[in-house]
Amino acid sequence: MSRLTDANVVIAKEIIARYPRAKSALIPLLHLSQEQNGYITREAMVQLGELVGVTSAEVYGTATFYEMFRFEPVGKYLINMCGTMSCALMGAGELMHHAEHKLGVKAGGTTDDGMFTLAHAECQAACTEAPTLQVNYRYRFRVTPADFDSLIDDLRAGKLADEIPQHGVLAKVRQRIPADKGVGAVAPEDVTEGPAWLDGKPAL
Amino acid sequence: MSSYPHAPGFVAGDRPKVVTSRFEYTDSFTIDRYLATDGYTAIRKALSKPAAEVHDEVKGATVLGRGGAGFPAGTKWGLTPQNVWPRYLVVNGDESEPGTYKDRLLMERDPHQLIEGCLIACYAAGLSQCFLYIRGEMALAQERVATALNEAYAAGYVGKNVLGSKFSVDIVLHWGAGAYVVGEETALIESLEGNRGMPRLKPPFFPAANGLYGQPTIVNNVETLANLPWLINNGVEAYTAIGTKTSPGTRMVAVSGHVKRPGVYEIINGITTFRDLLYGEEFCGGIRNGNSLKAFVPGGGSAPWFTPDQLDLPFEASQVGPAGSMLGSGAIMVMDETTDIPAAALTLTHFYAHESCGKCTPCREGGTWLERILTRVVNGTGTDADLQQLIEVGTSICPGDFPHASNEALGLAAVPFPYKMTTICFVGPSAYAPIHSALTLFRSEFEARVTKRITIPVTAVGVAQ
């Protein structure tokens, strides 16, 4: 179950083929795995290692460096509360306090019903709209405690299911390079000369 | 509360718009809108000239890098060694400097402009493949850029024989997974190779000579590349007519914190001053509730702080540097009179301590020390010795004089930016920058915490632990 499905293996191979070195695809593939399972499992790391030709220890080494990868299940909705300077200046501390109270868990915890994981986050690049939060990496701006409450109620009632997918899903659109239009990966060992358009004349 | 898609504080006006010209349209991210507003005309124009000529135009316009260091893009492209192939383009869209969010908007609201900028760069500098690295947390930006790339491939603007020419290049969308340090160019390359995102030592790993897969690699910021279509369409003269000789063009600046209208504004480089931006009616309109300004961070969380004394400085690196700070990534965080300064500094120190990759000891250990010591000072359980300890730990990360602005009241003469450092990249010194600024400018607030044991009630600022 936690290995990639056949359909996802096809996508994984498509992604790997875009890079001159297969290992470059590792982070996108870890995302793919997290999208499928909600978190990264041991079996998944073994399989990804096989796909890109490195040991599972190397996969683990890369995966654990990055904050977005989770190694145990999280709630259906991961709520990341920004607490860096601009948000802090605009009341992020109080909002976090309120959120902990509302959900009945401390930051880092998951509610008993498995719906919400509350987490601290660092700057989310929305500083003028402070305080901000992200639910499964979808933004909410200028959040007041009352806004937070209605957000939780809406999520519980399933009203935002169209906008906010399950944890692990990032972009809902994938890049697809059509076979007849793509150049393909340009590997160092395959190229000895400068590109064709650099001959001193216009390309058109 | 508002959800995405969301229009930030853009103010209409007759100011020149180089990169935000399409932001007023609700469908600014679609290929139809892009084509209807001069989209993909610049690449056609570029392809009708020899690549060297296009390179010269970018060089002649002195397009300064908008990521933080401010190095001119055209010059950077010229640093690649002759006759070493292939060369790569890596687009740095891993924007995560506290206070900054121009690149996210450019990717979400005008992805085709970025794609066209990438094409121009690849054509001019002879780059064979482009990797567009977007920060992991930016799901919408990834979605918009993926859609735009799919449209551009289908229409023949990207891929094999662009517009029927000899120019062929793939643009590969890549996305990160949450690590601030990956915004550093060598760490970005490590991450793109599938490794832990730790910076490489320079030398020997200058990306222009020895970058991705050991090949010459150009790493450019999203905003830098987004400037190129306008530049090629309108010419060097029109570009350099905006701004000053040393800082031509415009730049996007995010102003956040205690101002009336926080927002991202496209301002004129070298001319607009901090006062224009913070108090001007067409920009932020002053400090909230008519309060007075206490201090501001002029260039992202890593920059030493300024006080009202420096408000009249323009957005010009050659003036802001000698005045003791940097323009960095174009992010201003404003603190009004109600701000609890030690607590505000702690939010930034916490950030950098948290984001240390762990490669260099002074940053890995020092950052955590700074955070712990400052935490107890803020909590009112620190001692006098703690303030000295903060400086000692900070000095072990950045030996020598730390840059700061001149301040007559405190008898300080400016020490120019940048600082010396004992780490490979700027994350370590950045943990100390807010502490140094806050301690230098507002020492009495720290002393009140440690000697008189006054716990100042935290109102607006609190660090969540």
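A salt bridge, for this tour, is a side-chain nitrogen of Lys or Arg within 4 Å of a carboxyl oxygen of Asp or Glu. Keep in mind as you click around that this is a predicted model.

**Stop 1: where the two chains meet**

To see a salt bridge up close, select B:Lys166 and A:Asp199: their closest N and O atoms are 2.8 Å apart. Polar contacts between chain B and chain A come to 41 residue pairs, both residues being at pLDDT 80 or more.

Now pick out helix 7 of chain B, residues 139–154. This helix supplies nine residues to the side of chain B that touches chain A, the largest share. That side of chain B is made up of 51 nonpolar, 37 polar and 16 charged residues.

Next, show everything that takes part in the contact: 104 residues from chain B and 82 residues from chain A. How much area do chain B and chain A bury between them? It's about 7,400 Å², and 61% of that is on carbon and sulfur atoms.

**Stop 2: a parallel sheet in chain B**

Stay with chain B and switch to a cartoon view. Look for an open sheet of four strands in the order 4-3-2-5, with parallel pairing. Strand 4 (170–175) and strand 5 (217–221) of chain B stand at its edges with a single partner strand each, so each has one side without a neighbour in the sheet. On average, neighbouring strands here are turned by 20 degrees against each other, ignoring direction.

Zoom in on strand 2 of chain B, residues 88–93, which runs parallel to strand 5 of chain B and is joined to it by five bridges.

Bring helix 7 of chain B back into view. This helix packs on the sheet, where it touches strand 3 (129–134) and strand 4 of chain B. The direction of helix 7 makes about 165 degrees with that of strand 4 of chain B.

**Stop 3: a mixed sheet in chain B**

Move along chain B to another open sheet of four strands, this time in the order 7-6-9-8 and with mixed pairing. Which strands stand at the edges? They are strand 7 (263–268) and strand 8 (293–297) of chain B; each has a single partner strand, so one side of each is left without a neighbour in the sheet. Neighbouring strands in this sheet are turned by 30 degrees against each other on average, direction ignored.

For a closer look, select strand 6 of chain B, residues 250–257, together with strand 7 of chain B: they pair in the antiparallel sense over six bridges. Click B:Arg251 and you'll find its bridge partner, B:Ile267, in strand 7 of chain B.

**Stop 4**

Over all chains, the salt bridges number 35. One of them joins A:Arg21 and A:Glu189, whose closest N and O atoms are 3.2 Å apart. This pair links distant parts of the chain, 168 residues apart. A:Arg21 is in the loop between helix 1 (6–16) and helix 2 (26–37) of chain A, while A:Glu189 is in the segment after helix 7 (145–156) of chain A.

**Stop 5: some backbone details**

Still in chain A, go to the loop between strand 2 (116–121) and strand 3 (133–135), where A:Pro131 is found. A cis peptide bond joins A:Ala130 to A:Pro131, with omega about -10 degrees. A:Ala125 is also in the loop between strand 2 and strand 3 of chain A. Its phi is near 60 degrees, a positive value in a residue other than glycine.

Finish back in chain B at B:Trp85 and B:Pro86, where the peptide bond is cis and omega is near -10 degrees. B:Pro86 is in the loop between helix 4 (73–77) and strand 2 of chain B.

Notes. Residues numbered from 1 in each chain as written. Chains lettered and ligands numbered in written order. Predicted model: local features only at pLDDT ≥ 70, side-chain atom pairs only at ≥ 80, totals over all residues. Heavy atoms only, no water. Contact = heavy atoms within 4.5 Å. Buried area = accessible area lost by both parts, 1.4 Å probe. Polar contact = N/O pair within 3.5 Å; in protein donor to acceptor, adjacent residues only side chain to side chain. Helix = DSSP H or I, 4+ residues; strand = E, 2+ residues; numbered from the N terminus. Nonpolar A, V, L, I, M, F, W, Y, C, P; charged D, E, K, R; others polar. Pairing = 2+ DSSP bridges. Axes fitted to C-alpha atoms, helices over the stretch in contact; angles between N-to-C directions.
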